[in-house]
Amino acid sequence: MSFDQLSSLESQPTTMRRQDDPQYSDDPEFQRLSQQLMTKLFTLTGNISRLSNEIALLGTKRDTERVRERVHNLLEESKDAFKEVGEGVKKIQSWEDVSPSQKYTQQKLAREFQNNLQEFQSVQRQALEKQRSSASAARTALEEQQSPGAEGSNTYGQQQSQEQLRLASQDEVDFQDSLIVERETEIRNIEQGVTELNELFRDVAHIVNEQGELLDNIHENVENTRTDTRGADLELRSAARYQKQARSKACCLLLILAVILTVIILAATLG
C-alpha cells in the first residue's frame with residue numbers, strides 16, 4: 001500500500017459503520033430489484049388515484065369518449081404493471097439466505113403490493129359497474145329507437161315513435177350500435193383483467209403464507225434447540241456434580257484404606 005493510500009484511509013472517519021457506506025450492500029441484486037418494485041408501486045398508487053377520478057365521470061354530463069379512452073388506457077397500463085410487479089414480488093419472496101433487513105423488505109413489498117392490488121381491484125369493479133350500466137342503457141335506448149311501437153298503443157305514442165325513426169338516420173344507428181359493441185368489449189376486457197389479477201393476488205398471498213409458515217417453523221426449531229441446549233447444559237452440570245461427588249468419595253475411601261494399612265503395618269511391626 002502506498003503512502004497516499006494510507007493517508008486517505010487515515011483521513012476517513014473511524015466512526016462510520018459498514019452499513020453507512022453508500023457503496024455497501026448485502027446483496028446488490030436484491031437491493032436493485034426491491035427499489036425498482038417500490039418505484040413501480042409508487043407509480044401505480046398515482047395511477048389508481050387518477051383512474052378513480054376518471055371513473056367518477058362515467059355516466060355523468062362530463063362523460064365523453066375521451067374520458068372513456070383515458071379510463072381504458074389507465075386500466076390496461078395498470079393491469080400490465082401489476083402483473084410485472086407481481087412477478088417481481090414473487091421472485092423477491094423466494095430469495096434465499098436473506099438478512100433480517102431483507103426479510104423486512106420482503107414483507108413490506110408483499111404488504112404494499114397486496115394493498116395496492118386490492119385498491120385497484122375495487123376501482124376495476126367500479127369501472128365494470130359503470131360500463132355495464134352505460135351499455136345497458138345505450139342498448140335499451142337503441143332498441144326503443146328502432147322499434148316502431150307496440151300495436152294498440154295510443155296515437156300520440158305512435159306519432160312520436162315514427163318521428164324518432166324519421167329523424168334518426170341509419171348511419172347514426174350504426175354508429176350507436178358500434179359504440180355499444182365497443183363498450184361490451186371493454187366490459188369483457190375488464191372482467192378478464194379482474195380474473196387475472198385475482199389469480200395473481202392468490203399466488204402472492206400463498207407465497208407470503210408459506211414464508212410465514214417457514215418463519216414459524218424456524219422459530220419453533222430455534223426454540224426447540226434452545227430448550228434442548230438448556231437441557232443438555234443441565235445434564236452436563238448434573239454429571240459434573242456427580243463426578244465431583246464420586247471423586248470425593250473415592251478420595252475418602254483411599255484415605256480410609258491408607259489409614260487401615262498403616263495401622264496393620266504398625267501392629268505387625270510392634271508385634
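This is a predicted model: local features need pLDDT of at least 70, side-chain atom pairs count only at pLDDT 80 or more; totals for chains, interfaces and linings use all residues.
Me: Where is asparagine 47 found, and is asparagine 47 buried or exposed?
Reply: Helices are DSSP runs of H or I with at least four residues, strands are runs of E with at least two, and both are numbered from the N terminus. Asparagine 47 lies in helix H2, residues 28-55. Buried means under 20% relative accessible area, exposed over 50%, and partly exposed in between, with a 1.4 Å probe and protein chains only. Asparagine 47 counts as buried because its relative accessibility is 5%.

Me: Which residues is asparagine 47 in contact with, leaving aside its neighbours within four places in sequence?
Reply: Contact means heavy atoms within 4.5 Å. With those neighbours set aside, asparagine 47 contacts Leu74, Glu77 and Ser78.

Me: Which residues of the largest nonpolar core touch the most other members?
Reply: A nonpolar core is a set of buried Ala, Val, Leu, Ile, Met, Phe, Trp, Tyr and Cys residues joined through side-chain atoms within 4.5 Å. The largest one here has 34 residues, of which Leu51, Phe82 and Phe113 touch the most other members. Two or more residues of this core come from each of H2, helix H3 (65-93), helix H4 (100-146) and H6. Not counting residues up to four places away in sequence, phenylalanine 113 touches Leu41, Phe82, Val85, Gly86, Val89, Leu200 and Val204.

Me: How many disulfides does a search of the whole structure find?
Reply: A disulfide is a pair of cysteine sulfur atoms within 2.5 Å. The search of the whole structure finds zero. Cysteine 251 is in no disulfide, and its nearest cysteine sulfur, that of cysteine 252, is 7.0 Å away. Cysteine 251 is partly exposed, at 48% relative accessible area. Cysteine 252 is also partly exposed, at 46%.

Me: Where is isoleucine 265, and is this residue buried or exposed?
Reply: Isoleucine 265 belongs to helix H6, residues 170-270. Isoleucine 265 counts as exposed because its relative accessibility is 54%.

Me: Where is asparagine 115 found, and how far is this residue from threonine 45 in space?
Reply: Asparagine 115 is in helix H4. Asparagine 115 and threonine 45 are 70 residues apart in sequence and 10.0 Å apart in space, C-alpha to C-alpha.

Definitions and conventions:
Residues are numbered from 1 along each chain as its sequence is written. Side-chain values use heavy atoms; hydrogens and water are left out.
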